[in-house]
Amino acid sequence: MKTLRLSLVLALAVFAIAAAAQQPVPQPQPPQPPDDPLARVLFPPELVMQHQQDIGLRAEQRAGITKAIQDFQTKVVDLQWRMQDQAQRLTTLLEKPTVDPVAALAQVDEVLGVEREVKRAHITLLIQIKNRPGSPPHGARRARAT
């Protein structure tokens, strides 16, 4: 009787394994980025440059965008230095055996202030690119760039 049960269990296990092997393996789906409302109305410089022929970008528009990018990069390099300095000051405060919460949080505000400036500079660049004189209307750019 035990042999019959064992044989039955083994047979069911083999059938289950065989059935599972014949099932199509689901393909993993790439993670979907969160919906970025700004990405629908502002375009990164890389995207504009990648599609410059598609959107009919003229030489003077490209030169203006290049200048805006250069100005942005110059500003951001300075901000990165400031960010590093402020972050190091915060680290120094947090490394102490007892952390002064008032001083630490004030330093966090300094770090966040520089981060805000970086983000503001980036949005400013994206707005400048969108507002280039002679740029096609927003909808036309989107339709051609995609």
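Tutor: What follows takes salt bridges, then a helix, then a surface patch. Keep in mind that this is a predicted model.

Student: Why is the pair Arg-82 and Glu-117 called a salt bridge?

Tutor: The rule asks for a side-chain nitrogen of Lys or Arg within 4 Å of a carboxyl oxygen of Asp or Glu. Arg-82 and Glu-117 have an N to O distance of 2.8 Å. That is within 4 Å, so the pair qualifies.

Student: What makes this pair a tie between parts apart in sequence?

Tutor: Arg-82 lies in helix α3, residues 59-95, and Glu-117 in helix α4.

Student: How many salt bridges does the rule give?

Tutor: The count comes to 4. Among them is Glu-60 with Arg-58, whose closest N and O atoms are 2.6 Å apart. Arg-58 is partly exposed, at 38% relative accessible area. Another is Arg-89 with Asp-85, at 3.1 Å from N to O.

Student: What separates Arg-89 and Asp-85 along helix α3?

Tutor: They are 4 residues apart, which means about one helical turn. Arg-89 has a relative accessible area of 46%, and Asp-85 has 35%. Each is partly exposed.

Student: Now α4. Why is its span called close to the expected one?

Tutor: The expected span is 1.5 Å times one less than the number of residues. α4 has 30 residues, and 44 Å is expected. From first C-alpha to last, α4 reaches 43 Å. Hence the label "close".

Student: What makes Asp-100 a cap on α4?

Tutor: A side-chain oxygen of Asp-100 lies 3.1 Å from the backbone nitrogen of Val-102. A polar contact needs N or O atoms within 3.5 Å, so this distance passes. Asp-100 caps the N-terminal end.

Student: Which residues of α4 are buried?

Tutor: They include Val-111, Val-114, Leu-125 and Leu-126. The label requires under 20% relative accessible area.

Student: And Ile-123, buried or partly exposed?

Tutor: Partly exposed, at 30%. Ile-123 also sits in α4. With Leu-38, Val-41 and Ile-127, Ile-123 forms a nonpolar surface patch. Together the four have about 280 Å² of accessible area.

Technical notes:
Residues are numbered from 1 along each chain as its sequence is written. This is a predicted model: local features need pLDDT of at least 70, side-chain atom pairs count only at pLDDT 80 or more; totals for chains, interfaces and linings use all residues. Side-chain values use heavy atoms; hydrogens and water are left out. Patches are made of residues with over 30% relative accessible area and no salt bridge: like charges are joined within 9 Å, nonpolar side chains (Val, Leu, Ile, Met, Phe, Trp, Tyr) within 5 Å. Accessible areas come from the Shrake-Rupley method with a 1.4 Å probe; for residues, only the protein chains shown count as cover. Helices (H or I, at least four residues) and strands (E, at least two) are DSSP runs, numbered from the N terminus. Buried means under 20% relative accessible area, exposed over 50%, partly exposed in between (1.4 Å probe, protein chains only). A polar contact is a pair of N or O atoms within 3.5 Å; within protein, one must be able to donate a hydrogen and the other to accept it, and residues adjacent in sequence count only if both atoms are side-chain atoms.
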